[in-house]
Amino acid sequence: MAKKRIDKRGTREPITKIKFLVEGITEKFYFKELLKFKGYSVHLDIDNIGGGGYFAFTREISKNKSLYDIVIVIADLDRAVIHFGEKEKLIELISLLEKLNIKNNIFLTYKNIETWQIATLPYKTNDLTLELGYSGKSKGKEDIFQRLKDKGAKFEIGEKKFKLENLFYLKQELEKGKFKEENISKNQSNLIYFFEYLRNILKIEIKN
């Protein structure tokens, strides 16, 4: 549960513990550096589940639900389209998140995190690996956020390239999210309101 901290008036206030769960090491490196760059300095705890589909998130959250206050999941949406039974497992994961804490949320991108990363660039490219100068695949690269930044990538650029009306799952406020299942394979990312949501639940300033 939340620990306490002393504010400027000497009053003890709870420190909200957020657990960020992502699919793989690429996302862990990317979001860890992104959150630092944005000035997010509250309890930063981010882990990857090492693949395994949406049930791997459900299993992790169920096992450790007493260890943190809020859970933010960041995942690819293509698995729900491609693999049989995964859409149902995704909906079960979302139901668990909402049941445990209405502040929990999930951020989904179709097809995958590379779709989002490409969208943050100020120009078009179809090959992220080549664009960032990697000799192999861009997955698992510890410096991926810095390489994107060096190419002029900005989170705010990506925010303008996806539409709310294309989302499969929409949850901007502290209430149950809304599904539009007909949107599941549309080009989309609800990362467009990622930092807005963090500001709302933490009541802190995150720089643009």
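Below is a chat about a predicted model of one protein chain.

Biologist: Start me off. How many helices and strands does the protein chain have?
Modeller: This is a predicted model. Its secondary structure comes to nine helices and nine strands.

Biologist: What share of the residues count as buried?
Modeller: 46% of the 208 residues.

Biologist: And what share of the contacts with a separation of 6 or more is between residues 24 or more positions apart?
Modeller: Those pairs make up 69% of such contacts in the protein chain.

Biologist: On to α9. Which of its residues are buried?
Modeller: Helix α9 runs over residues 194–202. Its buried residues are Phe194, Phe195, Tyr197, Leu198, Ile201 and Leu202.

Biologist: Why are they on the same side of α9?
Modeller: Because they cover an arc of only 155 degrees around the axis.

Biologist: What covers them?
Modeller: Both strands and helices take part. The cover includes β3 (18–22), β5 (70–76) and β6 (105–110). It also includes α1 (25–37) and α8 (155–159).

Biologist: You mentioned β3. Which strand is Lys19 in, and is that lysine buried or exposed?
Modeller: Lys19 sits in strand β3. Its relative accessible area is 8%, so Lys19 is buried. The cut-off for buried is under 20%.

Biologist: What is Lys19 in contact with, leaving aside neighbours within four places in sequence?
Modeller: Two aspartates are on the list, Asp45 and Asp47.

Biologist: How many residues apart are Lys19 and Asp47 along the chain, and what separates their C-alpha atoms?
Modeller: They are 28 residues apart along the chain. Their C-alpha atoms are separated by 7.8 Å.

Biologist: New topic: α2 and α4. At what angle do their axes cross?
Modeller: Helix α2 covers residues 54–64 and helix α4 covers residues 86–100. Their axes cross at roughly 25 degrees and come within 8 Å. Angles under 35 degrees count as roughly parallel, so α2 is roughly parallel to α4.

Biologist: Left-handed or right-handed crossing?
Modeller: Left-handed, as α2 passes α4.

Biologist: Which residues meet there?
Modeller: From α2, they are Tyr54, Phe55, Phe57, Thr58, Ile61 and Ser62. From α4, they are Glu86, Lys89, Leu90, Leu93, Leu96, Leu97 and Leu100.

Biologist: How do the residues of that contact divide into nonpolar, polar and charged?
Modeller: Nine are nonpolar, two polar and two charged in the contact of α2 with α4.

How values were computed. Residues numbered from 1 in each chain as written. Predicted model: local features only at pLDDT ≥ 70, side-chain atom pairs only at ≥ 80, totals over all residues. Heavy atoms only, no water. Buried < 20%, exposed > 50% of the residue type's maximum accessible area, 1.4 Å probe, protein only. Helix = DSSP H or I, 4+ residues; strand = E, 2+ residues; numbered from the N terminus. Arc of directions from axis to C-beta. Contact = heavy atoms within 4.5 Å. Axes fitted to C-alpha atoms, helices over the stretch in contact; angles between N-to-C directions. Parallel < 35°, antiparallel > 145°, perpendicular 65-115°, else oblique. Left-handed = near helix turned anticlockwise from the far one by under 90°. Nonpolar A, V, L, I, M, F, W, Y, C, P; charged D, E, K, R; others polar.
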